[in-house]
Each structure stands twice: as structure tokens, then as C-alpha cells.
Amino acid sequence: MENPERHTVYLVVSLFVTFLSNKNSTPTDEKANAKKQSLVFRHFNTLLGYSSTEKCFTIPPARLRKAAVCNAFISGLPEILDMNLHTGNQLLPTVVQLLIHLPSPQKLASDQNVTNYSLALLTQHTRHLWLHSLILILYKYRFDQLPVSENIVRLIGIVVKTLQNQVHECSDSDQSQEIDTWDDIEEDDGGRAELIRPESLTVTTIKEATPAAEGMVHIGAVRVMQPTIVEPEGLAPEPIISRKRSTINQEVKRKKSAIEVVKKSCTLRCGHCNEAIEMFDEETVSLLIDTPMYPWHSTEMFVPANSRSVAKQMLRVSLHHLSTSAICLQLFDTKIPRPDAFWSVIALSLADFPELSPVYFIQILMEDLEESWPGSVRLIMKNLAFYIVEISTDMYNKQWENLLANMETFFKRYHTAISADNATPPTRAEIENVIVVMSHVLKVQAASTSKSPVALVEAFSKWLSESLHGAEVSLESLLGVCTACNRALIRERDKQCVTRAVVTELMQAIKFKAKLHEANYVTIANMVLQDAGEDIEVPLLDDQFNTAASEAIRPFLFEVLDFIADLHVIAKLKKETNSDALGGDLKVKLAEAIAVEMSRSNARDCRTVIRFIPWLMSPPSVTQAAPGAFADSVTNVRVLSWLLLGALHANHSCLPVPIECSQHMADYIHFVLAGFADQSKQSVVHMSALFHAFHLCQLWTVYCERAATYSSTTAFAHLVDFWARVTPAILQLLSHSKVLADMVNLHFLNTIQALQQVNSALLCQLYSMWAPILTAYHSQIPNQLRMKLDSCQNQPSLEAPLVTEWLKKVRYKISQVELQTSAASPYYTV
């Protein structure tokens with residue numbers, strides 16, 4: 001190391017390296033010169049410290065990094081590899097081992113091989129030469145045979161580690177390490193304590209200190225560790241050394257040398273995980289290929305030779321060269337830790353690359369999938385969703401148009417794959433990702449001008465319909481893709497393709513010809529209500545949706561009415577989904593959809609009533625009732641209850657049943673109450689008639705009072721007339737028997753309590769008349785009814801009533817009674 005002839009050695013080796021880089025240095029008579037050349041290379045390997053017999057280096061890396069022979073050889077190595085492939089191939093096994101050994105942190109050559117290290121120990125100039133040499137090997141030499149192939153993998157690992165250290169990120173598994181100390185001290189001939197292995201110094205930032213200690217900052221109530229350099233203690237005072245063999249000047253020189261050793265040994269480490277923080281120059285980073293280092297790197301500005309420009313060119317060229325080797329399929333089918341950042345970089349790199357545009361990159365993926373369909377495309381669709389949103393929809397029109405045909409083929413095969421027997425259905429995340437892809441594709445300009453989108457949308461609609469069976473889909477995703485289809489296509493029928501497929505699937509489900517995922521029943525119903533302009537309980541980030549779902553469901557409204565009227569559908573849905581609430585929730589939302597459709601007409605007549613529920617206009621007569629009139633009336637009362645529930649859930653302007661129909665409503669209830677005493681023993685359905693009649697009374701009261709508040713001046717008068725017609729039927733029913741009277745009184749008290757909860761204005765006027773009804777035919781009201789009545793009288797409402805909460809309770813009660821009645825249970829909840 002301190003040989004005065006180092007410079008001469010360096011020049012001699014440099015001359016030798018220059019000779020090797022010349023193409024003319026390759027002997028023409030290989031057999032005659034092979035022995036001489038082999039002898040020269042063996043001698044040179046010895047100078048480098050490489051043992052040809054043991055196939056390893058015998059000189060420690062730290063010493064080799066300072067050796068004149070090694071530095072001279074590294075300086076000319078890129079030129080040899082570039083200019084003389086014959087010599088380069090002969091030196092390749094030794095060169096790759098040298099490149100591995102040179103930046104290694106191991107202290108002795110005999111130490112076990114260290115892995116996972118960076119280029120931090122090399123000087124800047126040597127790093128550049130090292131990287132140039134590796135790039136030339138990768139570009140110009142074959143390295144597919146052992147042992148060179150293994151060593152190339154190790155070299156790439158060194159590059160990756162260098163990049164990771166340049167852009168440091170703490171991992172959850174990183175843990176703070178303990179402080180290493182300076183414990184290897186030897187005495188030299190003069191008795192002076194010298195630091196033999198400065199590499200053992202480790203700098204840490206985890207210091208036990210007061211809040212005011214150096215390296216600690218407070219931000220609010222959070223303590224943040226700052227990267228800190230901790231130098232070994234005891235170096236500041238001048239060491240006690242013997243002055244027998246040295247002068248004062250020599251002491252000063254050696255002291256400065258020791259300080260320099262300390263400075264070189266200090267390492268900046270992360271305050272969280274204690275990993276070394278390394279910084280490299282721009283050219284090194286460019287050769288390594290890095291993420292943006294500076295603010296201007298994230299813009300479209302082109303800066304020649306900077307790391308971002310080099311990275312873009314490297315990525316695009318690599319992807320282009322490998323595009324015929326299924327690189328697209330391999331990339332999209334790989335789990336990527338930060339997919340958003342990764343695919344953003346890929347899209348940016350290909351943005352202005354004519355040979356491989358960002359859209360053509362997806363087309364290659366589709367072609368790869370046609371040739372080799374994987375067992376699962378879940379990961380592919382996740383990566384594609386992250387990638388496709390980074391591509392402009394206003395550019396690459398021709399490429400987009402070509403891609404649409406490939407995507408049609410893809411979705412047809414995708415649909416076949418998930419429809420097969422024993423196929424794994426798509427997960428929720430998979431559906432969401434596919435919808436992101438499809439929504440973005442439908443936003444491109446080519447989607448409205450070419451013929452391919454129609455076929456593509458039809459293929460996607462079939463896939464989506466099948467996917468709704470097995471996994472939940474979010475409302476916002478459905479709204480987004482249906483809106484995108486509605487805006488992208490031209491013909492009216494094509495516009496509603498996706499929406500119609502989704503709504504049709506719901507219709508098939510309520511007729512029990514298909515089975516949806518439990519959450520999708522209500523989600524699709526919410527989509528219909530959202531399109532109709534109704535408020536829904538699901539928060540949406542955007543309200544600019546146009547799905548035409550309310551129009552798509554219009555042809556099915558009579559089938560929806562049949563679903564609402566069917567007593568057994570709630571039990572069937574419970575059996576399929578194991579949910580008590582789903583049937584009632586779905587009925588009330590579909591009832592709301594019908595109520596909104598019925599109230600579209602502003603005319604003050606009953607044309608919509610005649611269209612949807614014509615039987616309301618002709619209630620049965622008590623004296624001339626047909627044999628099945630009572631059962632039909634109970635069904636009609638249930639349907640009216642659901643319709644009013646739907647209307648009360650809708651906006652204030654929703655009035656599906658005109659207030660003028662109040663008389664017909666009262667006649668139906670009167671007929672049910674009049675026939676209950678005789679008909680209640682006929683069947684379980686008849687037993688529930690009293691419950692449904694009283695709940696319809698409650699709902700009609702709240703319905704009319706809301707109409708009186710917002711739109712109708714005659715609603716309250718009609719409501720008073722309604723109760724004037726209903727009350728005599730209640731009094732008549734009370735006179736049959738004490739058991740029946742107690743049952744009627746219980747329902748009547750529940751009605752009073754319900755109207756009190758919603759702060760009914762009617763209750764204030766009629767309560768003085770209703771209270772005596774409870775004891776009209778009995779000398780004393782039963783104790784349980786007396787307690788309930790006292791509760792109504794003694795608990796005035798102190799807060800504004802929440803009608804929505806009351807509606808939820810009513811909805812639950814009605815659905816539970818239907819559920820129990822369907823099961824032929826003799827008991828039902830009141």
C-alpha cells in the first residue's frame with residue numbers, strides 16, 4: 001500500500017489493460033499463443049490477489065480497493081469488455097468475482113461470503129466503472145451458464161441493495177440494533193494506542209436522553225427521532241503516547257490521521273430502524289436506475305443524462321425487447337408492493353414511445369392471455385386497474401380501438417371461466433378492479449365512434465351479471481360503470497346495456513330464478529332509487545351519475561308488485577341468505593321505486609292507481625263479499641302498507657296514492673275489521689289481518705299528515721273522515737268477546753303509542769274520543785293494557801320525533817309478521 005513505486009505499477013498495469021482493449025491483441029494463431037496468454041493471465045490474477053487453484057480472492061476487499069493493480073485494471077475494464085469480446089470472455093469468470101468481492105464489507109478474505117450489501121464502500125469513480133462494467137456484461141456477454149450465471153444474480157442483488165439504500169424505507173421487520181464499540185486496540189512499537197479496525201464503528205441514533213437532547217424533536221405530542229451521528233467517546237482528549245520515537249510534528253500528523261479515520265468510520269443511520277443511510281451521486285443513480293430524486297423529475301421536462309431520463313429509456317427498451325416473451329403477462333401477474341407508484345412509472349415511461357405505446361402494452365397482455373390463460377386472473381386485474389387509469393383517454397385513438405376487440409375476447413373467456421362448474425367466483429376486490437378497468441375504457445374517445453364497444457359492453461355485462469352471484473359489489477362502482485356506458489355509447493338501447501343487465505339480474509333473483517350475493521339485492525335497488533333522484537343511506541363521493549336504472553326497471557314494475565304482495569318471499573330470502581332483515585329492506589326499497597313511479601304524474605286523479613293497484617278503487621262490500629274476498633283484502637292491505645312505507649321513505653313530493661282515495665282506504669280496513677271475528681279462525685293468514693289493518697291505519701295517518709304539511713290543503717280533513725269511518729268498525733269488533741276486545745285494545749294502544757312517537761297532530765284531536773273506547777265494553781281495563789295506556793299518557797315527547805326510526809320499526813314488524821305467517825306459526829309479534 002505504501003510502496004513508493006505504486007505509480008509505476010499503476011502505469012504498467014494501465015498499459016497492459018490498454019493493450020487488452022485493442023482488438024489486435026487477440027492472437028491469430030490461438031494454439032501457438034494459448035499457453036503464453038494463459039501464463040500472462042495467471043500472473044496477472046496473482047497480482048490481483050486471485051487464486052486460480054482455489055477460485056477465490058486471497059486479499060481482503062478493503063485492501064484490494066486501495067491496491068494500484070486493482071484500480072488500474074478497473075479503470076480500463078469497461079473498455080476491454082466493450083472493445084475486445086474475445087479477451088472479455090476469457091476474463092469474464094474472474095471479472096464477475098472481482099466485481100462481487102470489491103464492494104464487500106467483509107474484513108478478511110477468508111471470511112464467509114457476505115450478501116445483501118451495496119456499493120457504498122467504493123469511491124465515486126470506482127462505482128461508475130463498476131456499473132459500466134456490469135452493464136456491458138449484461139448487454140454483450142452470455143451469462144446463462146454456471147458459475148457465471150450465479151455471480152451475475154449476486155451482482156444484480158448488489159445493484160438492488162444500492163437502490164434500496166439510496167431511497168431508504170423502513171420496513172416493519174426492521175428493529176433497532178445495539179451500538180458497537182471500539183474494542184480492538186493494539187499497541188504499536190511506540191506504545192501508542194491505535195485504532196486497528198475502524199470499520200467496527202457503528203453510529204446509531206437511538207439515544208436515551210432528555211427531551212432537549214440533541215437529535216430529538218417534538219412535533220405536537222409526538223417525539224420524532226432525527227438522524228444523529230454519535231462519535232466514540234474519549235477521542236477528543238489527546239491520547240497518552242510515548243514520545244521516544246516521534247517528534248511533536250509526527251504526533252500532530254498521526255492525531256489528524258486518527259481523526260480522519262474516525263470521520264470516515266462515522267455512518268449516518270435511520271432514526272427508526274437504525275439502517276445505514278447512503279447517498280450516491282446523480283451519475284451513479286442514473287446507472288443504477290432510480291425513482292425521482294428531485295422535484296423536477298416528476299414533471300414531463302426532459303433532462304439529458306439524469307436518472308429519470310435514463311430510467312425511462314431503460315424501462316421502455318427492456319419492455320419492448322421482452323414484449324414477445326410474455327413479459328406483460330409476467331409483470332401483471334406479479335404481486336407488486338406499491339402497485340400505484342410502479343404502474344405510474346411504467347405508463348409514464350411508455351407515454352412518448354412510438355414502438356410500444358401504453359395502450360399497445362395492454363393489447364400485448366390480452367394477446368398473451370389468449371395464448372396462455374392462467375388459473376386465476378385476480379392479480380392481473382388488480383395490476384391492470386392500477387395501470388390503466390394512468391393512461392390518457394384522449395390519445396392513442398387507433399390503439400384504443402384495436403384494444404377493444406381484444407378485450408371483448410378476453411371478457412368472453414373470463415365469463416366462461418367463472419361460469420364453469422366448481423369455478424371459483426370473483427372476489428369483491430376482483431369485481432371492483434374489473435369495473436375500474438371497464439369504466440376507464442368506456443371513457444376513451446374511440447368508444448363512441450367504433451363498433452367494437454357494443455360487443456365489448458355486452459361481453460362485460462354477461463361477466464358482471466355472473467359475478468353478482470358470488471361477491472358483493474359497491475354501489476359507487478355500479479353507478480360508475482353504468483354511467484360510463486350510458487355516456488359512451490350512442491344508441492339508446494346500447495346506452496343501457498350494463499344497467500339493464502344488472503337490473504334484470506335483480507328481477508331474476510326476486511323471482512328466485514337466480515341467487516345474488518346478499519348485499520347486492522339492496523345495492524341494485526339503491527341504484528334504481530339513486531337514478532330516480534331519491535336519497536339513499538349510502539354516502540357517495542360523487543353525485544354526477546346517470547345510469548337510467550329507474551327506466552330500466554320500468555318494464556318489471558308489475559313483477560315487483562307481485563314480489564311485494566307475495567307472503568312467502570321474505571322466508572325464501574331468509575333461507576337463501578340467512579338474514580332476517582334482507583326481505584323487509586328489499587321490499588320497502590322496491591316499494592319506494594314503485595311509489596316514485598306512481599307519483600310521477602302531477603294530475604290530481606287516480607290514473608296511476610288504476611294502472612298499478614286498480615282494486616283500491618273498488619273495495620269489497622261487507623254484504624256482498626265473494627268467497628275469497630277476505631284473503632284478497634288482507635293481501636291488498638299488506639301491499640298498501642308496503643307502498644305507503646316506500647312513499648314515506650322517499651322525498652316529500654312522493655304521493656303514489658292520492659289523498660282523495662282516503663275513502664277507499666277506509667272501506668278496505670272496515671271490510672277487514674268487520675270480517676275478522678268470523679274469518680280469523682280460518683287460517684294463519686287471516687289471523688294476521690288485524691295486525692296489518694291497524695298498521696295501515698298508522699301509515700295512512702302519517703302519510704296524510706305529511707301531505708298536509710308539504711302539498712295538500714285537504715289532506716287533514718280527509719284523514720279525520722278516514723278515522724270517522726274506521727272507528728265504528730273498531731267499536732263493533734270490541735263487542736264480540738272479551739278475548740277479542742283485549743286483542744283489539746292492544747292493537748289500538750299500539751296505534752296511539754305510534755302516533756305519539758311521530759308527534760301526530762291527529763292524536764291531539766282524537767285522543768279524548770279514543771281513550772274511552774279502550775273501556776267501552778268492560779268495567780275495568782286489563783292491567784297490562786292499563787300500564788301501556790298510562791305509559792302513553794305520562795311520557796310526553798321532549799325531542800323532535802325521528803319518523804325514519806319509527807318507519808324502520810314498522811318495516812321490521814311487518815316483515816317479521818309475514819315471516820311468521822309464512823311459516824304457518826300460530827303466534828305473531830304485535
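Guide: What follows is a set of questions and answers on this predicted model.

Visitor: How do you know which parts of the prediction to read with care?

Guide: The protein chain averages a pLDDT of 80, and 78% of the residues score at least 70. Over residues 174-244, however, the pLDDT is below 50, although this stretch has 113 contacts in the model beyond near neighbours in sequence. Residues 826-830 also stay under 50. Where pLDDT is low, predicted coordinates should not be read in detail.

Visitor: What makes W700 count as buried?

Guide: Buried means under 20% relative accessible area. W700 has 0% relative accessibility, so W700 counts as buried. F722, with a relative accessible area of 0%, is buried too.

Visitor: Why is the aromatic pair of W700 and F722 called tilted?

Guide: The centres of two paired rings must lie within 6.5 Å, and planes under 30 degrees apart count as stacked, over 60 as edge-to-face and the rest as tilted. The W700 and F722 rings are 6.5 Å apart, centre to centre, with 50 degrees between the planes, and the pair is tilted. W700 lies in helix α30 and F722 in helix α31 (residues 715-734), so the pair ties together parts that are 22 residues apart in sequence.

Visitor: What makes the pair of F722 and W723 edge-to-face?

Guide: Edge-to-face needs over 60 degrees. F722 and W723 have 85 degrees between the planes, at 5.7 Å centre to centre, and the pair is edge-to-face. W723 has 1% relative accessibility and therefore counts as buried. The structure holds 24 aromatic pairs.

Visitor: Which residues have the most contacts inside the largest nonpolar core?

Guide: They are F361, Y387, F411 and W723, in a core of 177 residues. Helix α30 (residues 689-710) gives the largest share of this core, 13 residues. F411 touches V434, M438, L456, A459, F460 and W463, leaving aside residues up to four places away in sequence. F411 also belongs to a cluster linked by ring pairs, together with W373, F410, Y414, F460 and W463.

Technical notes
Residues numbered from 1 in each chain as written. Predicted model: local features only at pLDDT ≥ 70, side-chain atom pairs only at ≥ 80, totals over all residues. Heavy atoms only, no water. Core = buried A, V, L, I, M, F, W, Y, C linked by side-chain atoms within 4.5 Å. Buried < 20%, exposed > 50% of the residue type's maximum accessible area, 1.4 Å probe, protein only. Helix = DSSP H or I, 4+ residues; strand = E, 2+ residues; numbered from the N terminus. Contact = heavy atoms within 4.5 Å. pLDDT = per-residue confidence, 0-100. Phe/Tyr/Trp six-rings, centres within 6.5 Å; stacked < 30°, edge-to-face > 60°.
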